[in-house]
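Reader: I have a chain with its coordinates open beside me, and I would like to go through it with you by question and answer.

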Amino acid sequence: MEALARLRLEPLADSKPLISEPERLRERAAHDGFLFFRALLPNALVESLRACVLDYASRAGWLDSSYPRAAARAVAGKRVGYYQDPDWVSLQAHVQSRPEMWALGEAAAIHSVLQAVDSRSSYLFLSTANTCRVFSAHPDMATQPHQDAHYVRLMQDFWTAWIPLGDCPQQLGPLALLAGSHQGGLQPHSGAGIVDGGVSVSEDAVWSTTDFRCGDVALFRPHTLHRSLPNCSADTLRLSVDFRYGFWSGSAAVDWRAAQMIAATQASASTHSGTPRRSPSSTRRVLNRWLRFSKQLHRSV
Ligand SMILES: O=C(O)CCC(=O)C(=O)O
């Protein structure tokens, strides 16, 4: 509790009421570098992945079996959360192959919000950058302040979604974000990872956080400084997942069939002796409509 008391905190504002006002949503995102949505996701989607992670935790010997599994009580003294721990790495391999993980990452509500904020269709970046985190109640193992842009190098323009796998009150060590920090560019990071390294931030910094509940989502930019609060519960594991989303660029061919059809149409228009039934430009218009539809379809699967 002492480690938590030392941090200066302010409450995250709920942006859910702004979803129908994209202009204000964009303004808030541009100002703060993050958005928080209370109860954005159906609980069942979150709880399915939570059950899957707790099943793994039980098999890995992290859970105190004298409590119901759903309580996520850790074996006394067990330290969980290090990237270097083979069981923690196996958890990543485990969730990567679970439909529950990708069902949550592809939640329509997340894509809809990203579309509202960015006016472009988003896609879930399928990669090991999507991480499931389990932290035991050891305050020294909290995630240190850092920017995702330092660690995720394959994409530049992305949003991260942080999702607690169940209720995550402040004493369980949820995410905290530094408003406006995305405007300062990439900062020097020390160490090899986010538990034993990161960015040094003034003790006066005021971190935005909340008592997260099941179904809540925090979205933030690659340069937004964020951290976790220390897990100050007596013995409960903190469970969360974070996903990365990119955007379809307006000009990119998202479907190889479109490229082939455009090439075939152009070839036929230049060799056809009679009048083509459709001019190349009208064909392109039809194809563009189809491409837009195909992008939307991709978002909804
Ligand atoms: O969950 C955490 O403790 C850290 C999450 C994080 O750093 C991220 O989502 O990028």
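Reader: Which residues of α6 are buried?
Author: This is a predicted model, in which local features need pLDDT of at least 70, side-chain atom pairs count only at pLDDT 80 or more, and totals for chains, interfaces and linings use all residues. Residues are numbered from 1 along each chain as its sequence is written. A residue is called buried if 20 or more other C-beta atoms lie within 10 Å of its own, exposed if 12 or fewer, and partly exposed in between, with C-beta atoms placed from the backbone; helices (H or I, at least four residues) and strands (E, at least two) are DSSP runs numbered from the N terminus. On these terms the buried residues of α6 are Ile110, His111, Val113, Leu114 and Val117.

Reader: Within what arc do the buried residues of α6 fall, seen down its axis?
Author: The arc is that of the directions from the helix axis to the C-beta atoms. The buried residues of α6 line one face of the helix, because seen down the axis they fall within an arc of 160°.

Reader: Which residues of α2 are buried, and over what arc around the axis?
Author: In helix α2, which spans residues 22–32, the buried residues are Leu25, Ala29 and Asp32. They sit on the same side of α2, because the arc that they cover around the axis is only 85°.

Reader: Which elements are included in what covers the buried residues of α2?
Author: Contact here requires that the C-beta atoms of two residues, placed from the backbone, lie within 7 Å. The other side of α2 carries the exposed residues Glu23, Glu27, Ala30 and His31, whereas the cover over its buried residues includes β2 (34–37) and α6 (108–118).

Reader: Is Glu27 buried or exposed, and how far is it from Val117 in space?
Author: Glu27, found in helix α2, counts as exposed because it has 12 C-beta neighbours inside 10 Å. Glu27 and Val117 lie 90 residues apart in sequence, and their C-alpha to C-alpha distance in space is 9.0 Å.

Reader: Why is β5 largely enclosed by the rest of the structure?
Author: In a regular strand the side chains alternate between the two faces of the sheet. For β5 both faces are covered, with Trp159, Ala161 and Ile163 buried on one side and Thr160, Trp162 and Pro164 buried on the other. The strand (residues 159–164) is therefore largely enclosed, the number of buried residues being 6 of the 6.

Reader: With which strand does β5 pair over 6 bridges?
Author: Two strands are said to pair if DSSP finds at least two bridges between them. β5 is joined to β8 (residues 217–220) by 3 antiparallel bridges, and there Thr160 stands opposite Phe220. On the other pairing, Ile163 has Val241 as its bridge partner and Pro164 has Ser240. The strand that pairs with β5 over 6 bridges, in the antiparallel sense, is β10 (residues 238–247).

Reader: How many residues of β10 are buried?
Author: β10 is also joined to β4 (residues 131–135) by 5 antiparallel bridges, with Asp242 as the partner of Thr131, and to β3 (residues 122–124) by 3 antiparallel bridges, where Tyr123 stands opposite Gly246. The strand is mostly covered, and its buried residues number 7 of 10.

Reader: Which residues around the ligand are the closest?
Author: A residue is near a molecule if its C-beta atom, placed from the backbone, lies within 6 Å of it. β5, β9 (226–228) and β10 each supply at least two residues of the shell. Of the 11 residues that surround the ligand, the closest are Arg133, Thr143, Trp162, Ser228 and Asp242.

Reader: What is the strand order of the open sheet of 4 strands?
Author: Within this sheet, β6 (residues 175–178) and β7 (residues 206–209) are joined by 2 bridges and run antiparallel, and Leu177 has Ser208 as its partner. The pairing in the sheet is mixed, and the order is β1-β7-β6-β9.

Reader: Which are the edge strands of that sheet?
Author: An edge strand of this sheet pairs on one side only, and the two that do so are β1 (8–11) and β9.
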